[in-house]
Amino acid sequence: SGAGTATPTDEAMRAECRARAAIQYGMPEAAVNVESPIGPGAAGGFALPGSVDKGAEGIKTFLCRYSAARTLSDVMATTPDGE
């Protein structure tokens with residue numbers, strides 16, 4: 001993997017989080033809301049909370065988790081899905 005020439009901006013991180021969450025939840029990006037500002041995460045990384053309105057299923061919350069290099073690690077659901 002090649003090293004990026006620029007550190008992703010907060011805006012780029014929010015856009016990437018929104019896009020990945022939309023795919024994960026099968027919803028259009030317009031239904032996804034991400035919070036601001038980006039906060040500290042595990043292991044020196046960053047965390048960006050958000051939510052998606054799934055209509056009849058209700059609002060689902062999630063956390064986009066980033067490495068210390070500001071690369072997206074994963075989108076972790078924080079709302080139980082009918083467990």
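Colleague: What makes you say that R70 lies over the face of F46?

Modeller: R70 is 5.1 Å from the ring centre of F46. The rule asks for NZ of Lys or CZ of Arg within 6 Å of the ring centre and within 35 degrees of the ring normal, so R70 counts as sitting over the face of F46. Keep in mind that this is a predicted model, where local features need pLDDT of at least 70, side-chain atom pairs count only at pLDDT 80 or more, and totals for chains, interfaces and linings use all residues. Residues are numbered from 1 along each chain as its sequence is written, and side-chain values use heavy atoms, with hydrogens and water left out.

Colleague: Which residue forms a salt bridge with R70, and how do you know?

Modeller: That's D10, with the closest N and O atoms 2.2 Å apart. A salt bridge needs a side-chain nitrogen of Lys or Arg within 4 Å of a carboxyl oxygen of Asp or Glu, so this pair passes. R70 sits in the loop between strand 4 (59-66) and strand 5 (72-77), while D10 is in helix 1 (residues 10-25), so the pair links distant parts of the chain, 60 residues apart. Helices (H or I, at least four residues) and strands (E, at least two) are DSSP runs, numbered from the N terminus.

Colleague: How many salt bridges does a search of the whole structure find?

Modeller: Four. Among them is D74 with R65, whose closest N and O atoms are 2.6 Å apart. D74, at 24%, is partly exposed, and R65 is partly exposed too, at 33%. Another one is K54 with E57, at 3.7 Å between the closest N and O atoms, so that pair also meets the rule.

Colleague: Why is the pair of Y25 and F62 called tilted?

Modeller: Rings of Phe, Tyr and Trp (its six-membered ring) pair if their centres lie within 6.5 Å; planes under 30 degrees apart count as stacked, over 60 as edge-to-face and the rest as tilted. The centres of Y25 and F62 are 5.9 Å apart and the planes are at 40°, so tilted it is. Y25 lies in helix 1 and F62 in strand 4, so the pair ties together parts 37 residues apart in sequence. Y25 is buried at 10% relative accessible area, and F62 is buried at 1%. The count comes to one aromatic pair.

Colleague: How do you know that a disulfide joins C17 to C64?

Modeller: The S to S distance is 1.9 Å, and a disulfide is a pair of cysteine sulfur atoms within 2.5 Å, so the pair qualifies. C17 is in helix 1 and C64 in strand 4, 47 residues apart. Both cysteines, C17 and C64, are buried.

Colleague: What makes the disulfide of C17 and C64 right-handed or left-handed?

Modeller: The torsion about the S-S bond is about 85°, so the disulfide of C17 and C64 is right-handed.

Colleague: What is the mean pLDDT of the chain?

Modeller: It is 90, and 90% of the residues reach 70 or more; pLDDT is the predictor's confidence in each residue, from 0 to 100. Where pLDDT is low, the predicted coordinates should not be read in detail.

Methods
Buried < 20%, exposed > 50% of the residue type's maximum accessible area, 1.4 Å probe, protein only.
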